[in-house]
Amino acid sequence: GAPFVNRGVSGQLLWQEYLRLEDDALSLRPAALVPEVCATNFDQHAPSLAETQRWYTLLIERARERGVRPVIATVIPVTRGYAQEDGRAEMRAHIAAMNARLREYARAHGDPLADWAVALGDREGNLREEFTTDGLHPNSAGYARMTDVMRGASGQVGL
């Protein structure tokens, strides 16, 4: 019953989302766009944090050019255990830095904010275990919580 269409592709990096943005999302003429920045954007083989931030800004600017209102969504954190696996030592720090930038971007541009990191995270910035089965992806309880957050944010854009 929610007025949302999920166009996400699991595991895609932000630059890949940008490349399919026009054909896969903007062509639907949505009132709003909520780009999701998955934690895999901060894995050891992903582009740098600065590069990820640049792609995000390009994606948002493209949506604005097409008259689509952006809703800024924070990065869903990962569990402590997932972040401690080999090759993921900097992941939590990069997610926290990206989330700080996204919150500031929303404030600076007057965009609605869907703060999934707060809704799904604990006091230390980790994804709470009850919202995941694999430490990375939300489970049904996580998606239900995200939907609640989106209902609040989408009300700010008149959906």
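Predicted model: local features only at pLDDT ≥ 70, side-chain atom pairs only at ≥ 80, totals over all residues.
Me: OK. Why does the radius of gyration agree with a compact globule?

Reply: Because a compact globule of 159 residues would have a radius near 15 Å, and the chain has 15 Å. That radius is taken over C-alpha atoms, and the globule rule is 2.2 Å times the number of residues to the power 0.38. Along the principal axes, the C-alpha atoms fill a box of roughly 40 × 30 × 30 Å.

Me: How many helices and strands are there?

Reply: Six helices and four strands, in the order α-β-α-β-β-α-α-β-α-α from the N terminus. Both are DSSP runs numbered from the N terminus: helices are H or I with at least four residues, strands are E with at least two.

Me: And what share of the residues is buried?

Reply: 46% of the 159. Buried is under 20% relative accessible area, exposed is over 50%, and partly exposed is in between (1.4 Å probe, protein chains only).

Me: What do the buried residues of helix 2 pack against?

Reply: Helix 1 (14-24), strand 1 (32-33), strand 2 (69-70), strand 3 (72-73) and helix 4 (91-109). The buried residues include W55, Y56, L59 and I60. Contact means heavy atoms within 4.5 Å.

Me: Which residues does Y56 contact?

Reply: Leaving out neighbours within four places in sequence, Y56 is in contact with L14, P35, V37, I72, A73, M98 and L102.

Me: M98 keeps coming up. Which residues have the most contacts inside the largest nonpolar core?

Reply: F42, Y56, V78 and M98, in a core of 27 residues. Helix 1, helix 2, helix 3 (80-83) and helix 4 each give two or more residues to this core. Apart from it lies another core of 14 residues, among them A73, A119, F131 and V149. A nonpolar core is a set of buried Ala, Val, Leu, Ile, Met, Phe, Trp, Tyr and Cys residues joined through side-chain atoms within 4.5 Å.

Me: Now helix 4. Which of its residues are buried?

Reply: M91, I95, M98, N99, L102, Y105 and A106. Down the axis of helix 4 they fall within an arc of 125°, so they line one face of the helix. The arc is that of the directions from the helix axis to the C-beta atoms. R107 and A108, on the other side, are exposed.

Me: What covers those buried residues of helix 4?

Reply: The cover includes helix 2, strand 3, helix 3, strand 4 (113-114) and helix 5 (116-120).

Me: Changing topic: which residues of helix 1 are buried?

Reply: L14, E17, R20, L21 and D24. They cover an arc of only 150° around the axis, which puts them on the same side of helix 1, whereas L19 and D23 on the other side are exposed.

Me: What does E17 touch?

Reply: Q12, E36 and L59, with residues up to four places away in sequence not counted. E17 counts as buried because its relative accessibility is 15%.

Me: Last one: where is R29?

Reply: In the loop between helix 1 and strand 1. R29 has a positive phi of about 55° although it is not a glycine, and at 71% relative accessibility it counts as exposed.

Key. Residues numbered from 1 in each chain as written. Heavy atoms only, no water.
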